[in-house]
Amino acid sequence: MEVLRIEGLTKVFGSGRLEVRALEDINLSVAAGDLVALLGPSGSGKTTLLLCTSLILDPTLGKIVFDGETIHQQNGGEGIDIRRIRREKMGFIFQSHNLIPFLTAQQNILFPLSLVGKKGEAAHHRVMELLEYMEITERADYLPALLSGGEQQRVAIARALANNPRLILADEPTASLDTVRGKKVMELLKKIAKENQSAVIVVTHDVRMIEGFDYVYYLKDGHLNHAH
Amino acid sequence: MDLAFHDLKLHKGRFIATVIGVGLLFTIVLAMNGLYRGNIHEGLAVIKATNPDLWVVERQRGGPFNETSTMPEFYHYSVKAIPGVEEASPFIFYTVERQVGDKSRHFSIIGYDVFGGLGGPQQINAGRNIARAHYEMVAHEKLGVKLGDQVPLGLHTYTVVGLTREAISPDGEPIVYLSLPDAQEVLFQRDNEEIRNQRERLSRSLTRSLPRQTAEKLLPSLQADTHIINAILVRLRPGANRAAVARHIESWLYFSTFTTAEETQLMLKGRLAGMTKQLLLFRTLLLIVSVVIISLVIYTFTMEKIRSIAVMKLIGAPNLTIVRLVMEQSMLLTLGAFLFGLILIHNTYHLFPKTLVLVADDDLTTFIVALFGGILASILGLWQALKTQPAMALGG
């Protein structure tokens, strides 16, 4: 089942002599359970593509259909509450974990649940389930500053999974981890894609980390190419 | 999920220090409120405690408290003879600095007719009122004397027979009540050397134009008159027309008259006005400083969380969640600081040298202003939080 379809996506920054075409006619389709890697050197437009996909940046041209709903198209797509879509159907994993420093591990996971109105025993049960899944139950009451880099990233992944998202967008999730921990995180993302039937798009520039991915795309100068 | 509470829990040391710092500012604002009320209370205390139907003072003077007023003592007989007047009493009021015990004390003296006249203490808290024509005094407790103490004033020593709490001078100093002749003696008492010198000067002046024997005869009658008072206090007969009596006194005796309400207004618009405005200005400035400090603290708190705010936005937190986070912290800081200030001032106001009158209405008004200031203070932080781009969460 198709989760995301991007058609003719173009993103242009500036105008005239200062115009920069960051993304040029991007077409991409991702189905539930797909694990997609976006490779490319720095400045190739990987993060811009993630930002446009989640409508944090408005695309200049093109159409985005997410979970059967057109969330962006030329002369249309207005009236969509993109923040609601992000909190209910998307999960984000960042390079530097970005946990909220004044919340404990379990509170960080609870936060996206509270945003969709899940409270009480049901929310607590979901948090404990995710902590067990990530094998960090004993760190539940620790503040992020007291967790190792790998533990922080596992809490961040648990947070991204909290609302059973249809799509997980991961921006360089292994960049701040060593190779062993990085590979563990990638294994975890593969497991999530298959078990939860979530579509996972991972932006990375490290080819060692993409083993076992369903699709690998290469982005260069704003153009997306199928790599394998 | 209460994000503001969790954040403050992590930074509780800094939060408490800020609450104490801003709380001390609120303490000063509340103390200024008390000082403002205290200033008015003290300024009007003696007028309210005396409270005659009419104050008769020197013509075109706003005396006896807002401005000096002097008049011959015997005029109170003329006032008493006016139709509608039941009682007219001489009244003298002045400030002195004398040795009381082992300390030099600044206080005011009221001299009045102790045998049924107006102007004496209305309520004695310990001992009794003055019952003898001479050498007895009633003092305010603030003077630090006890019943039976002997206080030398001028040539004589006075016994403390009563203590009062009601009347303090407009300067906030304690008041001492004496009989009128005693008060006049203390006020006009000159030392023997000065009396000899003055008599010598008068004698020389007179002997220039008169024979020595005539001059010697005239000399005693030319001594300075000490039967001077500052006001005459009037009590009207029941049913008497106050305006008519006042007009009569002004037309026939060429004095000015004021009701107690007018006397109060004279003080409020005159002697007390400057201090009142000054205190209002201080209060306003301190409140502005408090709001600016809260504003800067909240702005700093918000800037430290800016990446977390970007993450919250990215994962779909509505603006209300962000606004609540910033506003709650501002409100908690404002409320905490105000409560600290309120508790501190209500437990220390009696230690201030000037009288602080704390009124619940003033506390409430200051709280409302502080609350409004807290909301205002969070605007800078809110503006910064709401313009934060979620994209800031991405990247290293």
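Reader: Which residues of H3(A) are buried?

Author: The buried residues of H3(A) are Ala105(A), Gln106(A), Gln107(A), Asn108(A), Ile109(A), Leu110(A), Phe111(A), Pro112(A), Leu113(A) and Leu115(A). This is a predicted model: local features need pLDDT of at least 70, side-chain atom pairs count only at pLDDT 80 or more, and totals for chains, interfaces and linings use all residues. Residues are numbered from 1 along each chain as its sequence is written, while chains are lettered from A and ligands numbered from 1 in the order in which they are written.

Reader: Why is H3(A) called largely enclosed by the rest of the structure?

Author: A residue is buried if 20 or more other C-beta atoms lie within 10 Å of its own, exposed if 12 or fewer, and partly exposed in between, with C-beta atoms placed from the backbone. Ten of the eleven residues of H3(A), residues 105-115, are buried, so the helix is largely enclosed. Helices (H or I, at least four residues) and strands (E, at least two) are DSSP runs, numbered from the N terminus.

Reader: What do the buried residues of H3(A) pack against?

Author: In chain A they pack against H2 (82-89), H4 (120-133) and H5 (149-161). Contact means C-beta atoms, placed from the backbone, within 7 Å. Gly117(A) follows H3(A), with a positive phi near 85 degrees.

Reader: What makes H5(A) and H6(A) roughly parallel?

Author: Their angle is about 15 degrees, and their axes are 11 Å apart. Axes are lines fitted to C-alpha atoms, for helices over the stretch in contact, and angles run from 0 to 180 degrees between N-to-C directions. Angles under 35 degrees count as roughly parallel, over 145 as roughly antiparallel, 65 to 115 as roughly perpendicular and the rest as oblique. H5(A) and H6(A) are therefore roughly parallel. Contact residues include Gly149(A) and Ile157(A) of H5(A), and Val185(A) and Ile192(A) of H6(A).

Reader: Why is H2(B) called oblique to H11(B)?

Author: The axes of H2(B) and H11(B) cross at roughly 50 degrees and come within 7 Å. That angle makes H2(B) oblique to H11(B). Among the contact residues are Gly23(B) and Phe26(B) of H2(B), with Gly341(B) and Leu344(B) of H11(B).

Reader: What makes a set of residues a nonpolar core?

Author: The members are buried Ala, Val, Leu, Ile, Met, Phe, Trp, Tyr and Cys residues, joined through C-beta atoms within 7 Å. The largest core has 105 residues. Val36(A), Leu38(A), Ala158(A), Leu189(A), Val200(A) and Val202(A) touch the most other members. Its largest share, nine residues, comes from H2(B), residues 12-50. A second, separate core of 51 residues includes Val79(B), Val145(B), Ala231(B) and Leu266(B).

Reader: How many residues of chain B are in contact with chain A?

Author: 18 residues of chain B are in contact with 25 residues of chain A. H10(B) gives the most to that side of chain B, with four residues.

Reader: Why does Gly127(B) count as partly exposed?

Author: Gly127(B) has 17 C-beta neighbours inside 10 Å, so it falls in the partly exposed class. Gly127(B) lies in strand S5 (residues 126-127) of chain B. Its C-alpha atom is separated by 4.3 Å from that of Gly162(B), 35 residues apart along the chain. Beyond residues up to four places away in sequence, Gly127(B) touches Leu147(B), Val161(B), Gly162(B) and Leu163(B).

Notes: Two residues are in contact if their C-beta atoms, placed from the backbone, lie within 7 Å.
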